[in-house]
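Subject: Structure handover

Hello,

Here is the structure for your files. My notes on it follow below.

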Amino acid sequence: MAPFEIRRSVLAALRKLIGRLMSPEWDQALEGETEGAVAAAALSLLRAQRIRLRLENAELATIRDELRRNEQALAAGRAALDEALEDLGGVRTVLEAATGFLGAVGRIIALPG
């Protein structure tokens with residue numbers, strides 16, 4: 001896949017993740033969860049938003065090689081994320097999939113701190 005297509009696909013997955021983590025269904029799924037799970041959900045949302053913003057603003061030429069190098073991990077992460085987002089009731093599964101996908105994208109878009 002061409003780097004611009006990988007980037008477009010990753011951005012679409014990030015937008016989907018952010019939308020689902022801001023949905024009433026997700027809020028309902030977090031009801032009764034531990035403080036740790038709720039905090040992890042909030043951090044995943046924040047991380048997804050920051051990565052999306054950085055990826056949208058990054059010049060393709062500066063991240064092209066990293067997109068190609070991480071294409072398989074990004075595709076696997078997107079697939080796991082899509083599957084997990086089908087059932088928001090599986091909070092742990094969603095958070096694990098989000099963490100894995102965000103980690104793969106994070107290898108391309110460095111976040112300070």
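Helices (H or I, at least four residues) and strands (E, at least two) are DSSP runs, numbered from the N terminus. Leu81 lies in helix H5 by that assignment.

The model is predicted, so local features need pLDDT of at least 70 and side-chain atom pairs count only at pLDDT 80 or more, while totals for chains, interfaces and linings use all residues. Residues are numbered from 1 along each chain as its sequence is written, and side-chain values use heavy atoms, with hydrogens and water left out.

Leu81 first. Buried means under 20% relative accessible area, exposed over 50%, and partly exposed in between (1.4 Å probe, protein chains only). Leu81 counts as buried because its relative accessibility is 1%. Contact means heavy atoms within 4.5 Å. Not counting residues up to four places away in sequence, Leu81 touches Ala13, Leu17, Ala97, Ala98 and Phe101.

Ala2 sits in the segment before H1. Ala2 is partly exposed, at a relative accessible area of 26%. Its C-alpha is 16 Å from that of Val105, which is 103 residues away along the chain.

Next, the core. A nonpolar core is a set of buried Ala, Val, Leu, Ile, Met, Phe, Trp, Tyr and Cys residues joined through side-chain atoms within 4.5 Å. The largest one has 35 residues, and Val10, Leu14, Leu17, Trp26 and Leu74 have the most contacts inside it. H1, H2, H3, H4, H5 and H6 each give two or more residues to this core, and H6 gives the most, with 9 residues. Leaving aside neighbours within four places in sequence, Leu74 is in contact with Ile6, Val10, Leu67, Phe101, Ala104, Val105 and Ile108.

The buried residues of H6 (residues 91-106) include Val94, Phe101 and Val105. They pack against H1, helix H2 (24-30), helix H3 (35-57) and helix H5 (71-85).

The axes of H1 (residues 3-21) and H4 (residues 60-69) come within 9 Å and cross at roughly 85°. Axes here are lines fitted to C-alpha atoms, for helices over the stretch in contact, and angles run from 0 to 180 degrees between N-to-C directions. That makes H1 roughly perpendicular to H4 (65 to 115 degrees; under 35 is roughly parallel, over 145 roughly antiparallel, the rest oblique). On the H1 side the contact is made by Pro3, Phe4, Ile6 and Arg7, and on the H4 side by Leu60, Ile63, Arg64, Leu67 and Arg68.

Regards
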